[in-house]
Amino acid sequence: MADDEQNNDDPNFPSAATVEAIQNTLETIVEPEPKPDAVAVRTEDLLPGELVIYPLGGRPFFPGMLTPIQVEGSPYYDTIKYALNSPGKMFGIVLSHAEDGDEVFEAAKLYRFGAVARIMEAAINDEDKQIKLLAEGLSRFEIVSIVHAGPPIVVRVIHHDKLSLNLDLDALKPYTMAVISSLKEILKFDSLYQEQVKMFLSRHNFGEPDRLADFVASMTSSKREELQEVLETLNIRERLEKVLALLKKELEMVKMQDKISRQVEEGISKNQRQFFLREQLKEIQKELGITKDDRTADMERFRDRVKKLALADEPKKRIEEELDKLSILETGSSEYGLTRNYVDWLTILPWGVHTKDKLDIARARQILNKDHDALMDVKERILEFMAVGKLKGEIGGSIILLVGPPGVGKTSIGRSVARAVGRKFFRFSVGGMRDEAEIKGHRRTYVGAMPGKVIQALRRTEAANPIIMLDEVDKIGASYHGDPASALLEVLDPEQNSEFLDHYLDVRFDLSKILFICTANQLDTIPQPLMDRMEIIRLSGYITEEKIKIARNHLIPKQYEKNGIAYTQLRISNEAIRVIVDGYAREAGVRRLEQKIAAIVRKAAVKILEENAATPIRVGKEQIETFLGKPNFRDELPISGIGVVTGLAWTAMGGATLDVEAITPGGEKPGLMLTGALGDVMKESAHIALSYITSNCIQLGADSKILTHHPVHLHVPEGATPKDGPSAGITMATALLSLAKNQPISRCLAMTGEITLTGQVLAVGGIREKVIAARRVGIRELIMPEACRKQFEEVPEHIREGFTVHYVQKYPQVARLVFES
């Protein structure tokens with residue numbers, strides 16, 4: 001009864017009285033007396049032996065069913081006309097193998113069993129060839145042969161319902177009562193079955209087991225194949241068993257549907273109840289003066305924010321105007337949402353809010369030394385910058401550009417500066433940025449408009465003087481949306497950013513107190529006007545000793561903590577780290593080194609857990625190949641021989657040695673062939689070197705005929721790696737001179753410098769990186785331009801130690817150093 005009470009208010013569910021009446025009818029069923037005129041009523045003896053067939057595409061049609069049929073302009077029109085003109089107005093309805101909606105004109109696509117239907121009512125429209133009729137199912141039949149293949153389809157049939165006239169009702173009564181009991185259960189859950197039961201009771205009674213089985217089968221939602229199987233089952237007991245199985249499945253499905261419906265209704269009712277209670281609570285609180293509506297709450301929150309800010313006249317006036325506008329707008333309007341978001345941004349920004357700088361040089365030095373090994377020149381430059389700021393009383397308005405290869409610590413240096421100064425830190429990357437709105441914001445007319453990254457950084461840091469890092473400024477892009485690099489000009493110019501105008505805010509904000517730190521791998525792609533606004537600090541690569549120290553103090557502890565390894569479980573020796581640096585991680589930075597250390601730690605974790613290895617696991621130089629495999633690099637020994645010279649080059653990944661080879665492949669046609677993926681500048685340097693050497697062979701003690709009467713092939717190894725720049729000028733000239741003199745160079749050295757047609761040796765860049773590259777391969781004697789003396793002397797002492805450097809101004813000095821002992 002509890003279930004019935006819960007459904008009393010559902011208009012789609014039958015009333016308790018209705019259900020009770022139907023159930024009472026079901027419960028009072030008794031074994032009926034056989035009707036003396038049953039044969040006459042069922043008309044089995046009057047059924048024709050030949051029937052015109054109406055194919056059915058959806059579910060099978062059962063005896064005892066009523067179904068409306070509408071035929072409009074299809075071949076079935078002739079079928080129904082044929083049936084209307086036949087004695088008794090009868091035709092056969094047979095399920096087809098085709099899907100619902102597909103027309104069937106072939107008898108071969110029909111099932112063997114169907115039901116005889118008699119037309120009770122019909123409305124005919126001959127003009128449109130339209131017939132609407134109501135058909136009643138009489139009995140089932142089986143097709144034995146095809147009289148006419150159609151359309152219309154005419155078949156010869158056998159009628160089988162005569163078999164059900166003499167039934168043993170006592171033997172079938174348990175099955176009948178089981179079906180009725182399941183039907184009573186379904187009626188409790190689904191109101192749709194109520195109407196079908198009413199219609200059945202108006203024409204039949206439950207004392208007819210065959211009709212009961214057909215009716216119950218037709219009212220289920222079983223598959224068409226399962227229903228057709230019931231239709232083809234002639235034995236009444238077997239038919240009732242199959243129907244009972246379908247009915248049990250239907251009952252389980254109806255119960256599950258009822259359960260889901262109740263859960264949904266309970267959730268909806270709970271949410272509705274909570275909504276109404278909240279609304280009532282709001283009204284009660286409003287009457288008592290405890291709370292305000294949304295607009296009032298927003299207005300008070302914004303005004304409270306304004307009281308805490310040191311606003312200039314312009315933003316203060318704009319905020320007041322927007323608040324007045326907000327007070328008259330409807331809270332449900334789109335304009336209210338836009339204005340509210342705008343005022344929210346205006347009042348959340350840190351107008352006049354500054355953090356106090358901690359300009360303690362000793363503390364800053366301690367933080368920088370703790371966070372970074374090596375980079376002494378960079379740390380000294382940052383301390384100088386902070387010292388000047390302390391004397392001035394502030395360090396705002398400065399823009400620092402950290403330039404160096406990947407993995408040398410540019411981003412982490414920025415974080416350390418923020419810690420040392422005591423300012424909030426915010427980082428975002430401008431690499432690949434193509435829309436200037438990312439910097440200066442969107443105009444408020446656009447959907448989803450918001451301020452630019454700089455204003456967002458101020459909201460995030462809640463201070464007007466944070467340290468903002470702009471990562472990858474050398475990779476900034478441009479598109480039809482605008483040029484972000486040009487937008488940065490206003491942001492990074494100390495003379496302009498005191499009145500920075502974001503498109504979204506449309507109110508000027510002072511950015512002059514912000515310390516901007518930019519990072520880049522190279523300067524070539526940074527626009528010159530933008531670079532002029534920055535103070536450049538170069539971060540070169542690390543030498544082996546520095547990498548070992550960084551790994552010991554920073555990388556190994558970090559990986560131990562990250563992978564859950566204790567120091568007592570794994571020991572990595574300094575010799576092992578040196579092998580990793582030399583054989584697996586020769587890049588300027590330490591990212592690859594960290595990756596290799598992480599690989600060792602992970603493999604050690606597997607050994608500890610799976611192999612029960614004794615701890616601590618000791619990793620020395622002998623075990624490195626076991627953990628990391630074969631080295632990626634082999635020892636770089638300078639190549640020697642006629643026409644072979646070692647140069648020094650700078651790349652975005654750091655310094656590198658560069659071997660230049662020159663030969664005469666034979667032939668009488670002079671010319672210069674260049675290979676090795678050389679860029680335009682490097683090709684020009686090769687031609688300049690050849691022109692200079694051939695025109696000065698006599699002065700340099702060489703035979704010019706080798707270069708002027710034969711083809712010359714000049715190659716720079718590692719041809720898959722692009723190379724460019726003027727630094728290899730004197731290296732190429734020396735290789736050509738060695739070829740012309742047929743004499744190898746007399747010592748192990750490397751050189752760098754640009755050459756001109758008159759033999760001048762000009763300055764080049766990247767001296768520190770080139771010196772580190774020479775140290776890595778064991779070269780300790782260098783030739784470089786006199787103009788680079790200052791750059792070499794600025795290289796840290798521990799890197800310069802052990803080098804012999806020859807400074808030259810003209811190429812003949814190079815020739816004497818190389819070919820004279």
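Student: Is Asp-474 buried or exposed?

Tutor: Buried means under 20% relative accessible area, exposed over 50%, partly exposed in between (1.4 Å probe, protein chains only). Asp-474 has 7% relative accessibility, so Asp-474 counts as buried. A caution on sources: this is a predicted model, where local features need pLDDT of at least 70, side-chain atom pairs count only at pLDDT 80 or more, and totals for chains, interfaces and linings use all residues. Residues are numbered from 1 along each chain as its sequence is written, and side-chain values use heavy atoms, with hydrogens and water left out.

Student: Which side chain does Asp-474 meet in a salt bridge?

Tutor: A salt bridge puts a side-chain nitrogen of Lys or Arg within 4 Å of a carboxyl oxygen of Asp or Glu. Here the partner is Lys-475, at 3.3 Å, N to O. Lys-475 is partly exposed, at 39% relative accessibility.

Student: How many salt bridges does the whole structure hold?

Tutor: The search finds 32. One of them pairs Lys-249 with Glu-226 at 3.1 Å, N to O.

Student: Which parts does that pair tie together?

Tutor: Helices are DSSP runs of H or I, at least four residues, numbered from the N terminus. Lys-249 sits in helix α9 (residues 236-288) and Glu-226 in helix α8 (residues 224-231), so the pair ties together parts 23 residues apart in sequence. Glu-226 is partly exposed, at 24%.

Student: What separates Glu-797 and Arg-800 in helix α30?

Tutor: About one helical turn, as they are 3 residues apart in helix α30 (residues 797-800). Glu-797 is exposed, at 51%. Arg-800 is partly exposed, at 22%.

Conventions: Helices (H or I, at least four residues) and strands (E, at least two) are DSSP runs, numbered from the N terminus.
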